[in-house]
Amino acid sequence: MTRKLSFWSSLGMCLLWVGSSWAEPSAADRATARSLAGEGYQALQAKDYATAVDRFSRADALVHAPTLMIDWARSLAGLGKLVEAQERYEQIIREGVEPKAPKSWHRALTDAGAELVQLKPRLPWLTISVEGAPDAHVTIDGVTVPQAAIGVRRAVNPGALSVRVVAKGFRSQERTIALMEGAEEAATFRLEPDPDQQEPVAPVQAPPPEPTAVKRHDQTAVYVALGVSAAGLAVGAISGAFALSKGSDLSPICDSELRCQSAQSDTVTAYTRLYRTSNIAFGVAGASAAVALTLWLVNRDTSQPAPAKAVVVRPYLGIGSVGAVGSF
């Protein structure tokens, strides 16, 4: 009975002091906090740690005080949540108390330091490493583990922990790891590619073939042959013209077989020589044209259509006429 009266007396003093140290809570907040703290204390004594955690956390949210926080930390430790209990102890020490604060506050601060020293060796530590996927997502009991905490020691609560590792394009892995108080363990997850999640690789398209450059053959021989042909035509025409002139002189005095008087023998000889020269020149012209055509066909661009007909040159020469006949 005396212990209960002491608790309620200390609680009342604490809540009154809070009103002058922190933001002024309303009368209803203080009354609610007293009620919640009383329920939390009874649950803590009965080792109903879950109820105690709920009541002390609610009371502290209404009226913040180290006496509420230390019982909250004790309830968390009893529930097995050592990491959360450590943080509550650390918060009491960080915030400290004013010199004029109630003795119960100073006692709570002292107890927080002593109990924290006893709690730290009980903390389990787990190092989670992931190989194969640089951007893996890791959770412990559904709570995300920050990337900065992967691969290094991380404080965890004792008991069976469900560790899950997932990464895009890889098979997920899940493992249950049981840790006792004060234990330290390392767990490495080696992820393997998942064929069902791999993104299809676009086929590499071959570049379009470059247009084949048209091979330009040397047409010098064609031009030479054409030049010879042109020269042959010129010689044939000139010699034919002279032969025509001689034939005009012989036409009145000779028959069609060029049977003339002996006095005209030199003229007949000259006519015959010019006639033959003209024929030979026209023949050379025709042969050179044929050679030029053949060379052009051999060396021409195959993309161009070939001519339908060949070039044929036929010279002619008679008494009073000379020339060449060609077909293309």
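Helices and strands are here DSSP runs, numbered from the N terminus. In this predicted model, Asp135 lies in the loop that runs between strand 1 (125-131) and strand 2 (137-140). Asp135 counts as exposed because its relative accessibility is 66%, where exposed requires over 50%. Although Asp135 and Lys168 are 33 residues apart along the chain, their C-alpha atoms are separated by 8.2 Å.

Asn157 lies in the loop between strand 4 and strand 5, and because its relative accessible area is 18%, Asn157 is buried, the limit being under 20%. Leaving aside residues up to four places away in sequence, Asn157 touches Gly80, Lys81, Leu82, Val83, Glu84 and Pro124.

| Asn157 group | Partner | Distance |
|---|---|---|
| Asn157 side chain | Glu84 side chain | 3.3 Å |

Asn157 and Glu84, together with Ile140, Ala155 and Val156, lie nearest the centre of the second largest pocket, which is lined by 15 residues and has a volume of about 310 Å³. By class, the lining of this pocket has 9 nonpolar, 3 polar and 3 charged residues, and at least two lining residues come from each of helix 5 (82-95), strand 3 (143-145), strand 4 (153-155) and strand 5 (159-166).

As to confidence, the mean pLDDT of the protein chain is 78, with 60% of its residues reaching 70 or more. Over residues 1-9, pLDDT stays under 50, and the model has 7 contacts for this stretch beyond four places in sequence. Where pLDDT is low, predicted coordinates should not be read in detail.

Definitions and conventions: Residues numbered from 1 in each chain as written. Predicted model: local features only at pLDDT ≥ 70, side-chain atom pairs only at ≥ 80, totals over all residues. Heavy atoms only, no water. pLDDT = per-residue confidence, 0-100. Contact = heavy atoms within 4.5 Å. 1 Å grid on protein atoms, 1.4 Å probe; cavity = no way out; pocket = protein on both sides within 12 Å on 5 of 7 lines; lining within 4 Å. Points joined across faces, edges and corners; volume = space filled by probe spheres on them. Helix = DSSP H or I, 4+ residues; strand = E, 2+ residues; numbered from the N terminus. Nonpolar A, V, L, I, M, F, W, Y, C, P; charged D, E, K, R; others polar. Buried < 20%, exposed > 50% of the residue type's maximum accessible area, 1.4 Å probe, protein only. Polar contact = N/O pair within 3.5 Å; in protein donor to acceptor, adjacent residues only side chain to side chain.
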